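Trainee: I want to learn how to read pockets in a model. Where do we start?

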Amino acid sequence: MRIVELPAIRLLARAGAVVVCAGGGGIPVAISPSGAVRGVEAVVDKDLSAALIAHHLGAAALLLLTDVDAVYLGFGTAQSRPVKDTVPEELKRHAFAPGPMRPKVQAACRFVEGGGRLAAIGRLEDAPALIEAVRGTIVRPPGASLDFGPTS
């Protein structure tokens, strides 16, 4: 829903710090009308948290790093095929089994639908190629160019 520590994250990011946050999703809390913070029983997904933070920081891109090279349709079947370049509407037409990939797909779609220019899902070691949109699964707004080179 929201990230309580967002002002601190924003301050650190603007100062040039590398901010490691929302690992494991963070600690779920509720804030009372009086401002008291208390822990609640809930699950906070790390991928959806990352998308929310990226959105609120105005990030152009979101990388969701994992141990597979891309999102696969029919994962684990003979018909399995990677999704290379897509838009949220198309990606959301497919069902993904509960597990690690579904929240990544949801986070990528939410980020792009919220104004992000690119979300990429792929391997950690492919991060530079993901940001260049040449590896992994690239999720972009409909009609958007994948040219992220310098603007003139």
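Mentor: Start with the second largest pocket: by class, its lining has 12 nonpolar, one polar and one charged residues. Nonpolar here covers Ala, Val, Leu, Ile, Met, Phe, Trp, Tyr, Cys and Pro; Asp, Glu, Lys and Arg are charged; the others, Gly among them, are polar. The model is predicted: local features need pLDDT of at least 70, side-chain atom pairs need 80 or more, and totals for chains, interfaces and linings use all residues. Numbering runs from 1 along each chain as its sequence is written, and side-chain values use heavy atoms, without hydrogens or water.

Trainee: Which residues lie nearest the centre of the second largest pocket?

Mentor: A pocket is an open set of points on a 1 Å grid over the protein atoms alone, where a 1.4 Å probe fits, with protein on both sides within 12 Å along at least five of seven lines; lining residues have an atom within 4 Å of a point. Here 14 residues line the pocket, and Val 19, Val 20, Cys 21, Ala 50 and Ile 53 lie nearest its centre. α2 and β3 (61–66) each give two or more lining residues. α2 has the largest share, five residues. Helices (H or I, at least four residues) and strands (E, at least two) are DSSP runs, numbered from the N terminus.

Trainee: What volume does the largest pocket have?

Mentor: A volume is the space filled by probe spheres set on the points, which are joined across faces, edges and corners. For the largest pocket that is about 760 Å³. Met 1, Arg 2, Ile 3, Val 44 and Leu 52 are the closest to its centre, out of 30 lining residues.

Trainee: Which element gives the most to that lining?

Mentor: α2, with six residues.
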